[in-house]
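Hi,

Here is the structure I said I would pass on. Have a look at it first, and then read my notes below.

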Amino acid sequence: MKINSNVSKLDKFLIYLLTGMRVFRGVFKGLLLKKSGILLVGRHVKISNSRHIKTGKLVKFEDYSEIQGLSQNGIVLEDYVTIGRNVQIRPSSYYGVGIIGAGLKVDENSSIGPNGFIGCAGQVNIGKNVMIGPNVTIIAENHNFNEKSTSIKSQGVNQQGITIEDNVWIGANVTILDGVNIGAGSVIGATTLINKDVQANMVYVDKKNSFQKSGN
């Protein structure tokens with residue numbers, strides 16, 4: 001990536017300085033990761049069960065992000081993936097109790113915006129060039145609740161998984177629930193609840209509660 005020509009020399013210097021500090025942190029944070037390139041790590045990033053995490057080149061973990069690696073299929077972040085500020089990725093309990101979750105794969109050049117939460121107990125797959133806005137929640141798990149004679153907590157869970165295909169834009173404050181497939185080229189409007197499949201090249205806006213054909 002090339003810095004905009006309108007950026008002043010002082011600002012460029014500060015950008016290079018900040019980037020250098022993130023590369024330095026990445027050297028140490030990445031010691032136990034399966035990585036194939038430079039890793040950029042912000043301040044106060046928490047990475048646990050690192051051996052289950054694989055990163056490509058120039059993957060970025062922004063400040064205060066939290067990644068739990070313990071999972072059956074691992075956490076795979078391909079080249080140029082950005083994990084935004086204060087994002088949480090959790091496939092399993094931090095203490096290893098209960099079911100060990102499936103995991104997460106994010107393909108190249110995709111980003112997860114600030115304050116996002118990905119519960120990847122069921123497998124979550126995110127394609128290439130996917131833009132996920134701030135405060136997006138992705139939950140690949142549901143609680144069973146059919147037995148009225150016992151507590152919901154004791155009935156366990158089920159996981160179908162979630163797939164977000166290539167070139168999708170997901171707006172701020174969207175919630176995506178288990179079992180959903182979002183087709184390539186789709187746009188999900190801000191604040192929308194997605195609990196059913198979205199076909200390719202469709203726009204879904206919660207205000208109208210309807211699908212619209214994209215201009216693609």
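Phe-13 sits in helix α1, which covers residues 9-29. Keep in mind that this is a predicted model. On the surface, Phe-13 is part of a nonpolar patch together with Leu-10, Leu-14, Leu-17 and Met-21. Between them, these residues have about 500 Å² of accessible area.

Now for the inside. The largest nonpolar core has 40 residues, and the ones touching the most other members are Phe-61, Leu-104, Ile-164 and Ile-176. Two or more residues of this core come from each of these strands: β2 (39-41), β5 (59-61), β7 (75-77), β10 (104-106), β13 (124-126), β18 (162-164) and β24 (202-205).

Leaving out residues up to four places away in sequence, Ile-176 touches Thr-137 plus a set of isoleucines: Ile-138, Ile-139, Ile-162, Ile-164, Ile-170, Ile-182 and Ile-194.

The other spot I looked at is Gln-155, in the loop between β16 (142-143) and β17 (157-158). Is Gln-155 buried or exposed? It counts as buried, because its relative accessibility is 17% and the cut-off for buried is under 20%. A polar atom of the Gln-155 side chain lies 3.4 Å from the backbone oxygen of Thr-150, and the backbone oxygen of Ser-151 is also 3.4 Å from a polar atom of that side chain. Setting aside neighbours within four places in sequence, Gln-155 is in contact with Asn-144, Phe-145, Asn-146, Glu-147 and Thr-150.

Cheers

Definitions and conventions:
Residues are numbered from 1 along each chain as its sequence is written. This is a predicted model: local features need pLDDT of at least 70, side-chain atom pairs count only at pLDDT 80 or more; totals for chains, interfaces and linings use all residues. Side-chain values use heavy atoms; hydrogens and water are left out. Patches are made of residues with over 30% relative accessible area and no salt bridge: like charges are joined within 9 Å, nonpolar side chains (Val, Leu, Ile, Met, Phe, Trp, Tyr) within 5 Å. Accessible areas come from the Shrake-Rupley method with a 1.4 Å probe; for residues, only the protein chains shown count as cover. A salt bridge is a side-chain nitrogen of Lys or Arg within 4 Å of a carboxyl oxygen of Asp or Glu. Helices (H or I, at least four residues) and strands (E, at least two) are DSSP runs, numbered from the N terminus. Buried means under 20% relative accessible area, exposed over 50%, partly exposed in between (1.4 Å probe, protein chains only). A polar contact is a pair of N or O atoms within 3.5 Å; within protein, one must be able to donate a hydrogen and the other to accept it, and residues adjacent in sequence count only if both atoms are side-chain atoms. Contact means heavy atoms within 4.5 Å. A nonpolar core is a set of buried Ala, Val, Leu, Ile, Met, Phe, Trp, Tyr and Cys residues joined through side-chain atoms within 4.5 Å.
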